[in-house]
Each structure stands twice: as C-alpha cells, then as structure tokens.
Amino acid sequence: MELNQPAPDFALPDVQGRFHRLCDYRGRIVVVNFWSAECPHSARTDQVILELLERWKGDVELLSIAANQNESVQLMEEVAQARRIPKILIDAGHVVADQYEAITTPHAFVLDREGILRYRGAVDDVTFRRREATQFFLQEAVEALLHGEIPELPETTAYGCTIVREI
C-alpha cells in the first residue's frame, strides 16, 4: 500500500454478520484501525479514539478490524460492547490485514474523503519506554484532513500487540 494513493477496497462482516464495504464510506474521513479484544494497547487507544470521535461530531468514521485468529466472535462482541466500539469488522483470514500490511493492534490507517491513504501507523507515541502519550499522531492526521490539509506526518511506526495470524 502506498501513501497518497487509493486504499484498497474491502468488504467484511461485522460481529452481527452484516457486510461493510470501505467504498460505502467515501465522502467521509475514515479511520481503519486494526483492533484486538485482548490487547491492552487496543483497550487504551479505544478510549482515546472514542473521545476523538465525539469531538469530530460524525465527520469521521471508525472501522475497527479484528484480524487475530485466536479471538472468538463472542469475545469480540462482548469486549466491543463493554468498550462501546461502534462496529467491529471481522477479518477471519487476515486478508485485509495482509493487504494493508498491518502488523499490530492498534495499527491505524487514515483515509481522506476520496479514499486516499493519508496516514498509517501509531495512534500516539506511547511505547515500552514512554508510558504517557505526548503526541497524538492519529488526531493530528485526522484534524489536518478536517481542515483541508495533508497530514504533516504521514507515517509512524505502529506500536502494540502483534496480530495473531496463526494459532
């Protein structure tokens, strides 16, 4: 996947079995976030992302994609409900995760209103050595797009739990 190029389309079911196509969200800024029910980094960033979604007042769509082979649909549904995640899409064969070259949960991809990939990487700068966020990469990227600008920092290294592709 190349930055500043159209993001590959996909169609994935949510935990209720309803299919969602990426192209159905054209005209809105989309955050594609590879997500985990068990990863503490996903849990932490879920709270941050949900607060930002409130602030962005419907101008941004969140598509959380679960690609871990070791997480059941029941677990995903329970955790998504508890964390108030609006929708979880299931990438059972990690096809979309592979296509997007997603490595961790979380791993965020921000698409502009035309479906062009404008940012990929970490939600913020928390790492093993830095426990408190001092920079919010996802927020900066989305807010640049909301203001009609290209994100200043288009790519960072994602940090979190490795996506479980085999069990």
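In helix H4, the residues Phe-137, Leu-138, Gln-139, Ala-141, Val-142, Glu-143, Ala-144 and Leu-145 are buried, where buried means under 20% relative accessible area, exposed over 50% and partly exposed in between (1.4 Å probe, protein chains only). The model is predicted, so local features need pLDDT of at least 70 and side-chain atom pairs count only at pLDDT 80 or more, while totals for chains, interfaces and linings use all residues. Residues are numbered from 1 along each chain as its sequence is written, and side-chain values use heavy atoms, with hydrogens and water left out.

Helix H4 spans residues 137-146, and because eight of its ten residues are buried, the helix is largely enclosed by the rest of the structure. The cover over the buried residues of H4 includes strand S3, helix H1 (40-56) and the strands S4 (60-66), S7 (107-111) and S8 (117-121); contact means heavy atoms within 4.5 Å. Gly-148, which has a positive phi near 75°, follows H4.

The protein contains four helices and nine strands. These elements are DSSP runs numbered from the N terminus, with helices (H or I) of at least four residues and strands (E) of at least two. Along the sequence their pattern is β-β-β-α-β-α-β-α-β-β-β-α-β. The radius of gyration of the protein is 15 Å, which agrees with the value near 15 Å for a compact globule of 167 residues; this radius is taken over C-alpha atoms, and the globule rule is 2.2 Å times the number of residues to the power 0.38. Along the principal axes, the C-alpha atoms fill a box of roughly 40 × 40 × 30 Å. Of the 167 residues, 53% count as buried. Among contacts between residues at least 6 apart in sequence, 76% join residues at least 24 apart.

Four aromatic pairs are found in a search of the whole structure. Rings of Phe, Tyr and Trp (its six-membered ring) pair if their centres lie within 6.5 Å, with planes under 30 degrees apart counted as stacked, over 60 as edge-to-face and the rest as tilted. The relative accessible area is 0% for Phe-34 and 0% for Tyr-100. Both Tyr-100 and Phe-109 are buried. Ring pairs join Phe-10, Phe-34, Tyr-100 and Phe-109 into a cluster.

Phe-34 is also among the residues in contact with Thr-105. Thr-105 is located in strand S6 (residues 104-105) and counts as buried at 1% relative accessibility.

Glu-54, by contrast, is exposed, with a relative accessible area of 64%. This residue belongs to helix H1. The C-alpha atoms of Glu-54 and Arg-113 are 19 Å apart in space, and the two residues are 59 apart in sequence.

Note on methods:
Lists of a residue's contacts leave out its neighbours within four places in sequence.
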